[in-house]
Amino acid sequence: RALISGLHSGPNPSPGLGVARSLKRHTSDITIIGLDYSPNSSGLHSDLVDEVVRFPGWEDVDPHTWLRRIYETVDHSDAVFIPTLDPEVHLLSDLGVAHPRILSPTRRSLDATQKPPTGMAEQMGLSVPPNELDLRPESVERFLRLSPYGAWVKGPLYEAVHVFSATEAFRAGDFMKAAWGGSWYLEAHVPGQECGIAFCARNGHLIDAVRMSKTVLTPEGKTWSAEVNELDGELQEGLGSFVSDVGWTGGGEIEMIRRWDGTFVVIEINPRFPAWTHGASRCGVNLPAALVYNLR
């Protein structure tokens with residue numbers, strides 16, 4: 001049995017339905033318990049979902065009541081919980097949750113994913129794009145003048161907005177603060193091919209990983225089709241070292257740009273499976289099943 005959150009599937013899909021599809025692809029002998037925060041979440045009505053746990057909207061959730069319900073579901077159903085929404089992962093870490101069947105990174109792991117992810121990139125032998133953390137108007141203006149392809153305004157958890165002027169940057173920054181809290185920063189746009197690494201690990205042991213290169217994007221910039229390859233060589237070694245150092249448990253994604261000269265830059269680390277994870281499963285690398293059944 002698997003409790004899976006984030007089941008809404010639309011132009012900007014959450015990862016949960018793909019995780020559920022991947023687990024059902026591995027074995028039909030599994031019960032999927034869908035968790036979400038709205039009756040309008042499309043995945044709750046999928047025939048992949050056998051049972052439903054629904055909370056009020058996330059902004060109305062009491063953290064301790066939420067965690068108690070998660071514990072009850074996991075313990076009484078002998079299920080694993082795979083959170084696929086960033087706020088859930090961060091709440092679990094803030095509450096200090098350490099449960100063998102809650103497959104989510106700890107605070108120690110999440111601290112290593114802070115934006116910009118300079119430390120993690122260095123550990124993998126990679127770099128990050130130029131960035132600006134000083135948000136004084138003159139600093140923002142100077143950074144944008146030196147960024148010929150524009151820059152991305154990035155919030156603490158989610159969302160990125162491509163901007164070309166200081167006015168656009170501060171407008172996007174205000175949106176980030178209102179939506180997610182915390183501060184924002186600027187990251188220079190790097191021309192190249194969008195790609196990424198999805199992986200799964202338990203207690204610092206890298207179970208499996210796959211590299212994806214985007215070939216067709218949706219109007220929202222999401223992956224529509226891609227080339228999928230096994231991860232090997234220096235990237236595999238660097239990733240293994242990283243997850244070991246921070247004791248990673250659960251799924252994860254490293255978003256990258258492959259410059260036109262073939263080198264990689266890291267732009268973001270997400271502490272959960274990406275929405276495209278089932279595409280990799282269809283290509284033969286089923287990360288959710290590898291995580292649940294510890295296949296490697």
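**Close-up views of a predicted model**

**View 1. Cys283, a cysteine on the exposed side of the accessibility scale.** In this predicted model, Cys283 is exposed, with a relative accessible area of 54%. Its sulfur has as its closest cysteine sulfur that of Cys195, and the 16 Å between the two is too far for a bond. Cys200, by contrast, is buried, with a relative accessible area of 0%. For the sulfur of Cys200 the closest cysteine sulfur is that of Cys283, again at 16 Å and too far for a bond. The structure as a whole holds zero disulfides, a disulfide being counted where two cysteine sulfur atoms lie within 2.5 Å.

**View 2. The packing of helices α6 and α7.** Helix α6, residues 137-145, packs with helix α7, residues 166-180, at an angle of about 120 degrees, and their axes are 9 Å apart. The two helices are therefore oblique to each other, and their crossing is right-handed. On the α6 side the contact is made by Pro137, Val140, Glu141 and Leu144, which meet Ala166, Ala169 and Phe170 of α7.

**View 3. Helix α3 and its surroundings.** Helix α3, residues 86-94, is mostly covered, seven of its nine residues being buried. These buried residues are Asp86, Glu88, Val89, His90, Leu91, Leu92 and Ser93, and they pack against strands β1 (2-5), β2 (32-36), β4 (80-82) and β13 (264-270) as well as helices α2 (63-77) and α4 (107-111). Just after α3 comes Gly96, which takes a positive phi of about 70 degrees.

**View 4. The buried residues of helix α1.** Within helix α1, residues 16-26, the buried positions are Gly16, Leu17, Gly18, Val19, Ala20, Ser22 and Leu23. The buried residues of α1 pack against the strands β1, β2 and β4, and also against helices α9 (277-282) and α10 (287-293).

**View 5. Leu3 in strand β1.** Leu3 lies in strand β1 and is buried, with a relative accessible area of 0%. Leaving aside residues up to four places away in sequence, Leu3 touches Ile33, Leu35, Val53, Ile70, Thr73, Val74, Ala79, Val80, Phe81 and Ile82. Ile197 stands 194 residues from Leu3 along the chain, and the C-alpha atoms of these two residues are separated by 24 Å.

View 6. Most residues other than glycine have a negative phi, and most peptide bonds are trans. The peptide bond from Lys115 to Pro116, however, is cis, with omega near -10 degrees. Pro116 is found in the loop that runs between α4 and α5, the latter spanning residues 118-123.

View 7. Asp78, a residue other than glycine, has a positive phi, near 55 degrees. Asp78 is found in the loop between α2 and β4 and, at 54% relative accessibility, counts as exposed. Asn203, likewise not a glycine, has a positive phi of about 50 degrees. Its place is the loop between β9 (193-202) and β10 (205-217), where Asn203 counts as exposed at 70% relative accessibility.

Notes:
Residues are numbered from 1 along each chain as its sequence is written. This is a predicted model: local features need pLDDT of at least 70, side-chain atom pairs count only at pLDDT 80 or more; totals for chains, interfaces and linings use all residues. Side-chain values use heavy atoms; hydrogens and water are left out. Buried means under 20% relative accessible area, exposed over 50%, partly exposed in between (1.4 Å probe, protein chains only). Axes are lines fitted to C-alpha atoms, for helices over the stretch in contact, and angles run from 0 to 180 degrees between N-to-C directions. Helices (H or I, at least four residues) and strands (E, at least two) are DSSP runs, numbered from the N terminus. Angles under 35 degrees count as roughly parallel, over 145 as roughly antiparallel, 65 to 115 as roughly perpendicular and the rest as oblique. A crossing is left-handed if the near helix is turned anticlockwise from the far one by less than a right angle, and right-handed if clockwise. Contact means heavy atoms within 4.5 Å.
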